[in-house]
Amino acid sequence: MGFPDRRDARVTGDPGTQGGGCPMTSAALLERATETALTAGTVADRPLRAVIYARVSSDPHNRGKSVADQVTECKRECAHRGWQLVEIFDGDNDRSASRYATKERKDYARLVEFLRAGKADVLMTWESSRAQRDLEAYLKLREIAEGNGVQWCYKGRLYDLSRTDDRFTTGLDALLDERESGITRDRVLRGKKSSAAKGRPNGRMLYGYAREYDPRTGEFVKSVIREDQAAVVHEAVRRLAAGEALGPLSREFNRRGLRTNTGGAWRNDNLRAMAINPGYIGKRVRHGVVIGDAEWPAIHTAPEERQAYYTCVRRLTDPARTTWRPGGLRHLSSGIPDCGVCGGKLYASHWSKKKTGQSEGRMGYECRGTDTHPGHCVAVTKDILDRHLSALVIERLSRPDAAELLAEDDQQAEHIAALLAEAAAKRATLDETADKVAKGEMTVTMAARIEAQLLPEVEALERQAEEASTAPVLRGLIRSDAADIWPTLPLTQQREVIKALMDVTVLPRLTAKDPEFQAAKQKRTELGKRLRAMRLGHGSRGMRACQLAELTGWPVYKVTNAESARGLITADEVRLWCRLCDTESEADELAALVPADTVKRLRSGARIRITWKHDL
C-alpha cells in the first residue's frame with residue numbers, strides 16, 4: 001500500500017515542477033521523496049500499524065543487550081511518527097541472517113507470516129542488515145512487502161518497496177550487507193586456518209580438557225588436562241580396543257553418572273567419536289584431516305595407550321565392521337567362520353524349534369553366500385563350533401610362550417601411527433582426485449590410473465597396521481587361569497579375541513563320490529590289511545583280536561573295524577598297535593596312511609580348519 005503525499009504548503013502544482021512551474025532537479029525530487037516518507041503517518045484516517053524486528057548475530061552469553069537497544073530506538077522512532085506498534089519480534093538472539101547461517105530464525109519466520117496476513121503497514125528494523133544479509137532473502141521480503149502494501153523503515157528512512165527508487169536503494173543496501181557478511185566470513189576463516197596451523201583449539205572444548213583464560217583480559221591462555229575426565233578417556237579406549245561394544249559401554253557410563261562436556265548422556269556416536277579423536281594423541285584436526293601437532297598436551301602418552309588408541313581407530317573405522325542392534329549379538333561364532341566353498345560368512349540359524357525344558361532349539365551356523373553365490377554350501381552345529389573355538393583360545397592363551405603375542409617395543413605404537421598416517425594421506429589424495437574430476441580439472445582416465453596405483457597401497461598399509469595392533473585385544477588374558485577368565489568375558493570381547501588369534505574355515509562334508517573320499521578309503525583299506533597281517537603274524541601263533549583289545553584297553557569292535565576300514569583310528573593308536581605287535585620299525589610308515597583330516601570331515605562337527613595369525 002502506498003502512502004498519500006503530505007506535501008509542505010510551500011510545494012504546489014505538478015510533482016515534477018517547482019512552485020513557479022519550473023522543472024525540479026533530481027536532487028529536489030529526492031528531497032521531496034524523503035520529506036514525504038518522513039511525514040507519512042496515517043492511512044484511511046487511522047495510524048499506520050508498525051511491527052519491529054530486532055536481531056543480533058552473535059550473543060554467546062544470551063544477554064540480548066544489542067537487541068534491547070534496537071527495540072528501544074525503533075520504539076522511539078515509531079512514537080515520533082505517530083504509528084501504532086502492534087508487535088515486536090525479538091526472539092532471534094544469537095542468530096545469523098547470512099547465507100552461511102546454521103540456525104533457523106524462528107521469529108523471522110513468524111514475522112513473514114505476520115506480514116503475509118496483512119497485519120502490519122510498516123516493518124521497522126534498526127538497519128537493513130537486521131532483517132537479512134542474504135540477497136535471496138531480501139528479494140523474498142521485498143516481494144511480500146510489495147504484495148501486501150508493507151513499507152520498510154530503517155535508519156530513520158521510510159521506503160515504499162513498490163517504488164523503483166526505493167527498491168534500488170534497499171536492494172543496494174542488501175547487496176552491501178551480503179558483501180559485508182562475506183568479508184566477515186572470509187576473515188573468520190582465515191583466522192581459524194591460521195589458528196589451526198598453530199595447533200590452537202577452536203570451537204567446543206574437547207572432553208578431558210579445561211581451558212585457562214587470562215583473568216585481566218579474558219583471552220585464552222592454554223588447555224590443561226582434567227584428570228577425572230582423562231581417566232574416562234583411557235578406560236573407554238582400553239575397553240574398546242579389547243573388543244567391548246559401544247552400546248554396553250555407553251550404557252554403563254550413563255549408569256555410573258558420567259556425562260559429556262555438554263552434560264548430555266553417552267551414546268554410541270559420541271563415544272565412538274571420542275575414542276578415535278586424534279586430539280587425544282596431541283594432533284590438530286581441521287575438516288577431518290590431521291594437519292599437525294596440537295598445542296595442548298596429549299592424553300595418550302604411554303606406548304601401550306597409543307597402541308590401544310590405534311587399535312580403536314582400526315576397529316571402529318573398518319569398512320567391513322558389522323554393527324548389531326542392542327541385544328542382537330547372542331552367538332559366539334556368528335559371522336566369523338568362512339565358507340570353504342564360496343568364501344561367504346557363516347551365521348547362526350535355527351534348525352529346529354525349542355522343546356520343553358530347552359533354552360533354545362537346535363541351532364547351527366550356515367553359509368549365507370556372497371554376491372555371486374546363493375550360499376547354503378556348508379553348515380556346522382553351533383555348540384560344536386563354539387566349544388571347539390573356545391577350547392583352542394584357552395589352550396593358546398594358557399601356553400607358557402603365549403607372552404610372545406604381546407611382544408612389543410617402545411617404537412611399536414609409533415610404527416602403527418606412521419602406517420595409519422601414511423594410509424590417511426594417500427586416501428586424502430584419492431579424495432582430492434575425485435574432487436578434481438567433479439570440477440572438470442582432471443580426466444576420468446587419469447583419476448582411474450591414480451586410484452589403481454594408490455588404493456592397493458592404502459589397503460596394504462592398513463593391513464600392516466591391523467597385524468601390528470593385535471596386542472591390546474589380548475592384554476590381561478594371557479595367563480595360566482585363562483580357562484577361568486574366558487567364560488566371564490563379554491561376548492563381544494570373546495569374539496574380538498577369536499578374530500585376533502585365528503581365521504576359521506568350515507569345510508564341506510565329504511561324500512562317497514568325492515575323489516578325496518575315494519583316496520582316503522584306499523588308504524584306510526591298505527592300512528587295515530597291514531594292521532591285520534601284523535596282528536596275525538605276531539609270535540608263532542599270532543594274536544587274537546580280543547587279546548589286542550585287552551592290551552590296548554579298546555573294545556574288540558574297534559580292532560575289527562580298523563582292520564576292515566570301517567572305523568576311525570589315529571596315528572598314535574597305529575603306533576601303539578605296532579609296538580604291541582613288535583613292529584615299531586613300521587610305525588611311521590603306517591601312521592602316514594591315516595587320512596586324519598579327511599576321516600574327521602566325515603563327521604559334521606569336525607570340519608573346522610584353523611589358521612593361526614601369529615605363530616608361537
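**The open sheet and its surroundings**

Modeller: Of the 616 residues in the protein chain, 40% are buried, where buried means under 20% relative accessible area, exposed over 50% and partly exposed in between, with a 1.4 Å probe and protein chains only. This is a predicted model, in which local features need pLDDT of at least 70 and side-chain atom pairs count only at pLDDT 80 or more, while totals for chains, interfaces and linings use all residues. Residues are numbered from 1 along each chain as its sequence is written, and side-chain values use heavy atoms, with hydrogens and water left out.

The secondary structure of the protein chain comprises 22 helices and 17 strands; helices (H or I, at least four residues) and strands (E, at least two) are DSSP runs numbered from the N terminus. Of the contacts in the protein chain with a separation of 6 or more, 64% join residues 24 or more positions apart, a contact being heavy atoms within 4.5 Å.

Turning to the sheet itself, 3 strands form an open, mixed arrangement in the order E12-E16-E17, and two strands count as paired if DSSP finds at least two bridges between them. Its edges are E12 (338-339) and E17 (608-612), each of which pairs on one side only. Strands of a sheet pair through backbone hydrogen bonds, either parallel or antiparallel. Here E16 (residues 502-506) pairs with E17 in the antiparallel sense over 5 bridges, and Thr505 has Arg609 in E17 as its bridge partner.

Two helices lie across E16 and E17: H11 (residues 382-398) runs at about 30 degrees to E17, whereas H16 (residues 491-501) runs at about 90 degrees to E16. For these angles, axes are lines fitted to C-alpha atoms, for helices over the stretch in contact, and the values run from 0 to 180 degrees between N-to-C directions.

Elsewhere in the chain, helix H20 (residues 571-580) has Glu573, Val574, Trp577 and Cys578 buried. Seen down the axis of H20, these buried residues fall within an arc of 145 degrees, so they line one face of the helix; the arc is that of the directions from the helix axis to the C-beta atoms. Just after H20, Asp582 takes a positive phi of about 60 degrees.
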